[in-house]
Amino acid sequence: MAHISDLLAGGRTYSFEFFPPRTDEAERQLEKALHELEPLGPSFVSVTYGAGGSTRERTRDIVLRINRDTSMTAMAHLTCAGHTRAELTDIVTGYRDNGVENILALAGDPPMVADGAAAPPSDLRYASELVDLIRPLGQFCIGVAAHPELHPRSAGDRAADRDNLAAKLRLADFGVTQFFFRAADYLAMMDDLASRGVDRPVIPGIMPVTNAGQIQRFAQMAGAAFPADLAARIGAVEDQPDEVRRIGVEVATQLCRDLLDAGAPGLHFYTLNRSPATREIYANLGLPGTA
Ligand SMILES: Cc1cc2nc3c(=O)[nH]c(=O)nc-3n(C[C@H](O)[C@H](O)[C@H](O)COP(=O)(O)OP(=O)(O)OC[C@H]3O[C@@H](n4cnc5c(N)ncnc54)[C@H](O)[C@@H]3O)c2cc1C
């Protein structure tokens with residue numbers, strides 16, 4: 001297995017993100033997406049982790065299976081919310097013992113609990129603490145999350161948010177961003193990091209809009225501003241799903257081009273366990289694996 005930091009040192013990386021399915025049908029969808037995306041030869045793929053450990057076994061099983069049964073290198077996401085130190089140590093040493101070398105260390109959002117139920121205890125609060133916990137446990141390459149438009153909990157305090165991000169990246173090996181729609185937001189974040197003396201590679205995350213209903217939900221979740229001109233273009237054709245997809249792919253392709261032209265170290269695609277949009281953007285960009 002390769003360390004993602006070594007892949008980044010060797011050139012641009014192209015990567016895909018998946019989430020653990022909850023149903024048999026969703027499981028088949030993931031299998032199909034993995035099968036259809038493997039021929040593109042991604043530098044690595046990643047598998048998300050459910051809040052409070054809700055996908056603990058499923059995330060691990062999918063990561064191990066991808067590493068074992070496919071030509072792809074899988075990175076495991078791990079969040080500290082809702083876990084004790086002992087649980088996190090157990091998960092990380094399990095990865096080490098099974099040859100998983102890349103972990104994306106995240107704070108996670110507080111797990112949802114039923115009314116009146118106590119939230120599970122969290123020994124760690126911030127992703128940077130999780131990086132510190134993981135580092136001595138093995139020869140891991142550790143990634144962290146970055147939010148070009150500030151983390152939604154940062155309440156607009158840009159300097160403090162960037163200071164926290166810079167401190168976290170100094171401990172980690174690389175970053176991956178939340179999705180965003182304007183290259184300028186990513187570039188401003190990279191300038192803010194450079195002015196703090198941080199030069200770790202930060203891979204931009206790309207989420208193509210493939211249906212009109214996603215727009216508000218995704219943008220709210222991510223704290224990402226959905227540009228008014230794109231909202232208007234999509235809104236004008238919202239009852240034509242094929243047209244929405246076409247515009248979503250076209251806009252994401254242009255964003256990728258702008259980012260690559262500006263020197264981004266790679267692209268990380270949020271696939272939502274589906275392959276077509278990512279494959280189309282890949283083809284539009286003329287990337288390897290699509291010839
Ligand atoms: C690429 C990517 C992948 C993701 N994958 C998952 C996933 O698999 N599962 C999941 O549940 N969620 C995932 N998330 C969402 C993520 O868990 C949430 O955004 C979460 O709210 C914050 O995580 P973080 O790691 O960015 O937190 P942190 O870096 O800990 O930051 C959270 C907030 O705390 C502040 N902060 C950080 N350090 C300090 C400090 N020392 N003192 C004071 N304030 C501080 C930050 O400014 C920020 O406002 C992902 C996000 C991204 C961008």
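Trainee: Where does S122 lie in this predicted model?

Mentor: S122 lies in the loop between β4 and α5; the model is a predicted one.

Trainee: Why is S122 called partly exposed?

Mentor: S122 has 19 other C-beta atoms within 10 Å. A buried residue needs 20 or more, and an exposed one has 12 or fewer. The value for S122 falls in between, so S122 is partly exposed.

Trainee: What is S122 in contact with, leaving aside its neighbours within four places in sequence?

Mentor: The contacts of S122 are C80, A81, G82 and H83.

Trainee: Which residues of α5 are buried?

Mentor: In α5 they are A127, S128, L130, V131 and I134.

Trainee: What puts them on the same side of α5?

Mentor: They cover an arc of only 155° around the axis, and therefore they sit on the same side of α5. The elements covering these buried residues include β3, α4, β4, β5 and α6.

Trainee: How do you know that the buried residues of α4 line one face of the helix?

Mentor: The buried residues in α4 are L88, I91, V92 and Y95. Viewed down the axis of α4, they fall within an arc of 90°, so they line one face. An α-helix has 3.6 residues a turn, so residues three or four places apart point the same way. On the other side of α4, A86, D90 and D97 are exposed.

Trainee: Which elements do the buried residues of α4 pack against?

Mentor: They pack against α3, β3, β4 and α5.

Trainee: What span is expected of α4, and what does the helix reach?

Mentor: α4 has 13 residues, and at 1.5 Å a residue 18 Å is expected. From first C-alpha to last, α4 reaches 18 Å, close to that value. After α4 comes G99, with a positive phi near 80°.

Trainee: Which residues of α10 are buried, and what covers them?

Mentor: The buried residues of α10 are V244, I247, G248, V249, A252, L255, C256 and L259. Their cover includes α7, β7, α9, β8 and α11.

Trainee: Why is V237 called partly exposed?

Mentor: V237 has 15 other C-beta atoms within 10 Å. V237 is found in the loop between α9 and α10. Leaving aside neighbours within four places in sequence, V237 is in contact with E243, V244 and I247. The C-alpha atoms of V237 and A212, 25 residues apart along the chain, are separated by 8.7 Å.

Trainee: What makes the phi of L150 worth a remark?

Mentor: Most residues other than glycine have a negative phi. L150 is a residue other than glycine, and its phi is positive, near 75°. L150 sits in the loop between β5 and α6.

Trainee: Where is L272, and what is its phi?

Mentor: L272 is in the loop between β8 and α11. The phi of L272 is near 55°, also a positive value in a residue other than glycine.

Trainee: Why do L150 and L272 count as partly exposed?

Mentor: L150 has 19 C-beta neighbours inside 10 Å, and L272 has 18 other C-beta atoms within 10 Å. Buried would need 20 or more and exposed 12 or fewer, so L150 and L272 are partly exposed.

Trainee: Which residues come nearest the ligand?

Mentor: Of the 23 residues around the ligand, they are T48, H77, A107, A127 and A145. The elements giving two or more residues to this shell are β3, α5, α6 and β6. The shell residues divide into eight nonpolar, 11 polar and four charged.

Trainee: How do you know that the radius of gyration agrees with that of a compact globule?

Mentor: A compact globule of 291 residues would have a radius near 19 Å, and the protein has 18 Å, so the two agree.

Note on methods: Residues are numbered from 1 along each chain as its sequence is written. This is a predicted model: local features need pLDDT of at least 70, side-chain atom pairs count only at pLDDT 80 or more; totals for chains, interfaces and linings use all residues. The radius of gyration is taken over C-alpha atoms; the globule rule is 2.2 Å times the number of residues to the power 0.38. A residue is near a molecule or strand if its C-beta atom, placed from the backbone, lies within 6 Å of it. Helices (H or I, at least four residues) and strands (E, at least two) are DSSP runs, numbered from the N terminus. Ala, Val, Leu, Ile, Met, Phe, Trp, Tyr, Cys and Pro count as nonpolar, Asp, Glu, Lys and Arg as charged, and the others, Gly among them, as polar. Two residues are in contact if their C-beta atoms, placed from the backbone, lie within 7 Å. The arc is that of the directions from the helix axis to the C-beta atoms. The expected span of a helix is 1.5 Å times one less than its number of residues.
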